[in-house]
Each structure stands twice: as C-alpha cells, then as structure tokens.
Amino acid sequence: EPQAMCFIETANLDGETNLKIRQGLPATAGLLETKDLQRLEGRIDCELPNRHLYEFNGVLKETGKQPAALGNDQVLQRGAILRNTAWVFGIVVYSGQETKLMKNSTSAPLKRSTVDKLTNTQILLLFMILISLCITSGLCNLFWTREHWETDWYLALSDFKTRSLGYNLLTFFILYNNLIPISLQVTLELVRFLQAIFINYDIEMYHEQSNTPAMARTSNLNEELGMVKYIFSDKTGTLTQNVMEFKKCSIAGYVYKTERTPEESQLVQNILGRHQTAAVIEEFLVLLSVCHTVIPERKEDGTIIYHAASPDERALVEGAQRFGYIFDTRTPEYVEINALGERKRYEVLNVLEFTSTRKRMSLIVRTPDNKIKLFCKGADTVIYERLAPQGQAFRDQTLRHLEEFASDGLRTLCLAVADIRPDVYQEWRQTFHKASVAMQNRESKLEDAANLIENNLRLLGATAIEDRLQDGVPETIAALLDAGIYIWVLTGDKQETAINIGYSCRLISHSMDIIILNEESLDATREVIHRHYGEFKSSSAKDANVALVIDGTTLKYALSCDLRNDFQDLCLLCRVVICCRVSPMQKAEVVEMVTQSTNAVTLAIGDGANDVAMIQKANVGIGISGVEGLQAACASDYSIAQFRYLQRLLLVHGAWNYARISKLILYSFYKNVCLYVIELWFAHYSGWSGQILFERWTIGLYNVLFTAMPPFAMGLFEKFCTAETMLRYPMLYKTSQNAKLFNVKVFWIWIFNALLHSVFLFWLPLAAYSSEVIWGDGKTSDYLLMGNLVYTYVIVTVCLKAGLITNSWTWLTHLAIWGSIVLWFGFLLIYSHVWPTFKFASNFRGMDIQLLSTPVFYFGLLLVPITTLLVDVICKLVHNTVFKTLTEAVRETEIRRSDISEVMNEPRSSFTETARLLRNVFTRRANTRVETELELSHGYAFSQEEGGAVPQSIIIRAYDTNLPKPEGN
C-alpha cells in the first residue's frame, strides 16, 4: 500500500472486526523489493515481552543511519490478519510464547462439576462415619469378648486375633467399606460418556450450512450445563455475523429500501421521475458515495471491491452503489462517482475526521459545478443542534424514522449538507491551517475550527445499517433471561456498537436504565462506583432492571484491589453488564471475579482466540466454530456452530443431565447403604465378630450385576419434561439451576431413608425367621438362608425404589428394573447348583430349593418391600398433592395431555416492580449521559479506528487508484 501502510484485522486479539491501519517507518518505506530488503542491516532494541496489547516501545538502529523510534503503530501482532493488503515485508520481534497473544493466554485448567465437588465432600463425611462405625464395632467386639470368653469357651475367644483391636478394626473396615460406592465412579463415567454422545448426535444442534454438529469435548461437565447462572458472551462472531448491510434510509421524510436492481427501487424512480424530493435524494446519494475514507479496487472482470477501515462506511458506500451511485475512483486530489450513468468528479478540499467525542465526520468538497459544499454524517444529537433554521424541513419525520430504525435494532446515522461561500471557506481555511500547526492544545483548536464551519446544516435524512445477528439470537437471549440466567457481554468493540447490539438482540430493553462508566483515572472511577452503589443501597430493590456499561480503561481501575469488591457488588445488582474495549485477560479477570465471588456456575462463550482465556476461566466453556477460526472451539468444553444452539444445550441437555446425574448419585448411595448397613445390624447378633450375613459372591455382584442397570437407565433416559416443553417454558430450568435435586440436605435425606429401609429389610425377615422353623416338616437352616431372604428383599425393594423415583418410562427402563429382579432369581437357580461341578459355593448348594419351598419367603416377598416403601409412597403422595413444584405440575399435565399454560402461573419477569422503584433513583444525570441515552434510543453507532497510525485525512490522499500497486518481488 502507499506510504508503507497496511490494513489488519485484530478480531483474534480484541474481537474487533473494523480494520486498523499500521504504517512502516519512513526510513524503510522505500524497501519494495526483496533485493532492497537484502541490503537492510542493523538491530532492533525493544522492551521485554509483556501482555499489553496496545503498547510497544522499541528502536530500529540501521547501520550508518539515525535510530528511529518504533511504536505500536509499526507492529503486526501474532493473531492479527492482513486484510486488503497483498503483501508486507517485516522483521520478527517476538515469537512463540513471547508474543502478546500467548502472553494473554492461560493454561488449561482441570475442571470439575459442582455436583462432583459436593459428592466428594459427602464421601469424606461418609468415610468419617465409616471409620467411626469400625471403631465402635471393634470396641463392642472387645467388650463382648471380655464378657463371653470364659462362658463361651467353644468359640476360642482366647485367640489373639479376636482380642486385637487393630485386627478387629481391619475386619470391620473390610465389612463396611461398600458403604461408599466405588462402582459409582465407573457408572458415572460411562453415563457421562453416553450423555456426551447424545449431545454430539442431537440433530437439532446440527448446522447444515457449515456441516457442523455440536461436540462435547469433555464429559465431566454435563450436569454443570444445567446449573448455569451467569453467561459471559463475546459479541463479534458470537452474537453477530460480522456482516454490515445497508437496509433502508430516510430521505426528505420518505423511507426507502434497497431492491435487487437500482431500477426497481422507488428511490431511483423518484429521481428519474423528478419527484419533488429528487434534488434532496441526489444530494443524499452523493454524500453517501463521496463522504468517506473507503478505497476502491477494480478487478479484472470490472467488479469493484471496497477496502475500508470502517465496516459502517463500506456498508454505506455499497448502499449508494445499490441505488446506482457507484464510487470507483480515488486520487489524492479528487474522487469520481458514476451517478446513474453520469460521471461526476468532486475535489476533496478538507477532511474533518471522525472521533468518539465529535461523533461526526465531515468532508468539504468542490462540486462539478464549482460550488463548495460540506457533507456531514454523524449522530442525530450533534447533527440536529447544528441545523440551520431553514434546514429542518424533515426534522420530525426523520426523528420518527430514527426511532423506528432503532426499535428494529439498526445502526443509524444522520446526513446533512451545507453550502459554503468561497470567501467564508478561504477565511476558515486559514483558521484551520493555524490550528493544525499549533504547538499547544492542537486537538482542541482543531475542534474549535471544525465547529466554525460545521453549522447551518441542511438535513437530508438518515441511514439504517444492520449489524446482522446470528440466526435466533434475540429469541435465545430472551429464553435464557426467562430461565433466570444473567448475561454479560465482554467485547473488544466500541461502546456504541456494543450497546446497539444489546438493543437489537433484546439484551437491553428501552425500559432499562443504563449506567455508563467512562473514566480516565482511579479516583474518578472510585467516585462514580461509590455513587451508583450508594444509589442502589438507598433503594429497596435488590435485582435492578439496569444495564451497566463500562469500557476497558475504567475496568482496569475497577478491577484494582481497593475497588474490586465495590465494583463486583455494583455489577451483581445489575440485570445486564456490557464491558467494551476489553483485552482477553480482562475478560478472564471479569469471569474469575464473578465465579469466585458468587460461587455460581459461570459459562463463557466465544468464537475467537481472544475468547480462549475467559472460556478456560469459566466453569463451562463453549466455543463457536465461527469465521474467526477454531481456536475457541478447540479450547472449549463444548463446541456449537451457532449461538442459538446454546438454548437447547442448557435448557434441555443441561437440565436433563443434571436431573439424571443427581438421581444416579443419590440412588447409588441409597442402594449401597440399604444392603451394607445390614451387616452392622447383624453384627449385634454375631457377637461383633465380623461374620458376614451374605454369601461372598452375592456381595461382590450386588453393584456389578443385580443393581447396575437401574442407575444406567436413570442416567440415560430419565427426564421430567419433554424437550419441547423445556424450550417453550424456560423457567423450568430454575429447578436444576438452583440445585434443588442435589444438595447436602437432599443427600442426607436419602441416606436417612436408606438407613430406615435397611432396618425394615433386616428386622422384618428376622421376625419371620425368629422360630428358625419355616418349613412344614420342621427342618431348620442356618444364617445363610436368612441372609438370602434379606438379600432377595433388598434387591426387590431397591429396584422398586428405582421405579418409584423414575419419571420417564421407556422399554429400556422397564428392562433395567424388572430385568434386575429376574436376573437375581436366575442367578439363584444357577448358582445353587454350581458345586460340586466347580469347587466353590458349597455353602450355597440347594439354596434355591430352600428359599422357594417355604411360604414364609413368598409372604415376605410381598409384605417386606411394600412395608419398606410404604413411607416413601405416602411422602411422595403428600408432596405431589400439597407441596407440588412447578416442574411436577407440568409433568403431570403432560401425562394428562392437558394445556400446560394453565399451570404456568409464575410471571415471566420479576423486574417490572423493581424497575418502577429504581426509576426515581437515577435522576441525577449529566448532560452527556442524557445525550448518550438519546443517541442510543435513536440507534446511533459507528465503527472507526481512532488515533491510528495514519490520520483519515492522509489515508484518502495517499491513494491513486489510477496507478498500479508494486508487486513486491
């Protein structure tokens, strides 16, 4: 490019898609061929590698020449993409782990779900209880032996082992160790793996256009998807498509839309038909095609490609092109356009650059008829206050159209023109030149000079550009908000753009108050945070319908040690938070702040390399396989093709997986306690000797075979509502989000329930077997028969318990529950006849005949499980009748095939009253704050690099599209 310039895109670094300009040093600008580069000799001294994206200090020391300073404007960082520039020559300064991109990355953490952490804590408590039981049983053995070793001499109680506490502790530890279900870990891993396959093969999350399915890159966090409280989202490429498109415009009080060809549009027909507004329309289109910094490039096939640092400007020029006003030539002195077949040349006299403070850009040109005009485009607030009294003919209609455009989520700009007399221009030109060469306060003097000429404007109309959202983004965000999830947007883009997207995707509503924090110092940041936090504390509302917007500079101060807590308290009181112009590390710091302070489950979603740090910091990281590459997807826990799939991933798969894993864990502990605590009750009758009640193989196969299938069925097929209902009523997500199904209270209720069941399952058969004669011929058996009676009732009871807590019955669920019972009886019949064919299980020989030939067994088979589960049935009946939850009511309505909307009485938003209470709190606003909100309500947004390497006025004078570019050979 001319003058050693190049265009780059830094989306992977800061998420911005508008192009930035970098420029080489004048001393090296003439190196245009490889032979020139070979003669370059010298060295570069620079600062040590650091993570500051926007800072670089170095010195180029060429041999035999004066040293030249190097700054950030001369650096192309790793991760930046060269755009609109065919080639560059460069020297590598940092590489590998020393680059700023890698300095902003974090090591991949080991993530565990909240359910896993809670389970591990309860396992430790159970282990402590296990140790206590072992010590208690060992002491009881010592006391019992001391009392009986002389009278019960035939038991050889004087043996050393029976009187050793250490030996007894080891015996009881082996006896009770199955209280902690080791098999649970195996079951969990298998179930989670299959749940991940369900996610991968969900056709509803398959993106056909890009042939991209959802992918679970880990299975450890499946249930965590059902507990998300905060979502941190990138903007560019995640919520938006990185596509700016000219949609419509308002000219002289009339709204026009683009059509397939210029001739089809009503706008062009009005020009050709010499409508009463034809002159205004022509001036409007000339302004669009002339007032900008776009560079045209004509291809060999005759098509024109527009290169622009601002995506908004490119969209405006392309919009003019669709109406037949084609910009095709730029030289240092003039621009040429093809206006409906007529070529027109406009001499560029002065450029008044766009800044976020000015909120406008102006171009002074000499028209083909030798008149001097000022073309101006910018925010409605700055344009309207500069209108001449006779230039406001369409003021009210245009304002109404701006509000309509803004309500549609479109980005708006107002366009105006002023006719300048030659003598006024010459006088102003001298003033402007003096300001441009001033040694002190140059910027303010240039601003004052611009204000002198940018007045007496005549309003032409307004434009509306769509920053196209990903499909389904507004609906997805609305559903997630209804589900009680807080959504924060962390972006490297400009503030106005981020807020505009907030409106268009319905994250911010027009009824919301907006707090904007743009401060330049620590003291100013402290004052504004304390002031706003004090306003919140003085009100009675806790969850305000307020959006907080903060830029990267202010965020740096807000995250400092002395302000961090106050800032996070302020943020947590707001409904929506938008952080603009933030670096990758700042994104990660914000995510970490919320994760640590709230102990809530956080989710980060993004599509670029600049999102990797926050994806890794959040409890759950979601990567989008987008146009910015696969860096985010590769670093994520789950990857999806579109933001809209997040709704199904959380509300369906997340909620289901949480319910499934919760029941699986609780049931696994329940069934183990049910069986193995019986050994404790039996120890009371066995002299605390450590004698087992059950046959050893049946003990080993309990978790592996006879009760292995019901947990699998729960973990894979259990669901309390259909997917359609979960998506239609997002508030059903709150059950899993608030951990209602698995917490400390629920866990110990299940443990107590298992202890109660074990009491029934041991003492009821013991009462039936108390006479020891359970056959009509008067024969008796030993303790093992009693053990198999109890074992059979335990298996039947725990399988029926699985059925009692199952909400979704499939044929596989039936097979798992009833099949487990049948499997035990089949095993009983076979195992009872293994000996003497195989030399083991001699004590089990004929056990099937003993069990199945006594009526006591059948009577107990009916009575014991029913009696044991009677308390559970009554509690479930009372709960579903008196204390029925919303989820249970919806499930019952689904079963009855009734209208679900009848039971959905919970209001969809709880913020209306809060908003009313807070409406009077934010009354003290500065004029700039009111002006900003007015601009946002009218949709103003414009992306343009500020303070770049090359000023806009120099850019447009550096190019001559009539001349060929160097090849760089």
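Which residues does the UniProt annotation "binding site" cover? Select D234, T236, D607 and D611, the residues under that annotation in an unreviewed entry; UniProt positions are given in the numbering used here, feature names are shortened, and annotations may be inferred rather than shown by experiment. Although these residues are spread over 378 residues of sequence, they cluster in space, with a largest C-alpha distance of 10.6 Å. D607 sits in the loop between β24 (601-606) and α20 (612-617), where helices (H or I, at least four residues) and strands (E, at least two) are DSSP runs numbered from the N terminus.

This is a predicted model, in which local features need pLDDT of at least 70 and side-chain atom pairs count only at pLDDT 80 or more, while totals for chains, interfaces and linings use all residues. Residues are numbered from 1 along each chain as its sequence is written, and side-chain values use heavy atoms, with hydrogens and water left out.

Next, colour the open sheet of nine strands, whose order is β10-β9-β19-β18-β17-β16-β15-β14-β13 with antiparallel pairing; two strands pair if DSSP finds at least two bridges between them. The edges are β10 (254-257) and β13 (325-330), each with a single partner strand, so one side of each is left without a neighbour in the sheet. From one strand to the next the twist averages 30°, taken between axes that are lines fitted to C-alpha atoms (for helices over the stretch in contact), with angles running from 0 to 180 degrees between N-to-C directions.

Within this sheet, select β17 (residues 372-378) and β18 (residues 411-420), which are antiparallel and joined by seven bridges, and find K377 opposite L415 in β18.

Five bridges join β3 to β4 (residues 58-62), and I44 stands opposite L60 in β4.

Finally, select T10, L13, R22, L53 and Q77, which lie nearest the centre of the largest cavity among its 12 lining residues. A cavity is a set of points on a 1 Å grid over the protein atoms alone where a 1.4 Å probe fits but cannot get out, and lining residues have an atom within 4 Å of a point. α1 (11-14) and β2 (20-23) each supply at least two residues of this lining.

Methods
On a 1 Å grid over the protein atoms alone, a cavity is a set of points where a 1.4 Å probe fits but cannot get out, and a pocket is an open set with protein on both sides within 12 Å along at least five of seven lines; lining residues have an atom within 4 Å of a point.
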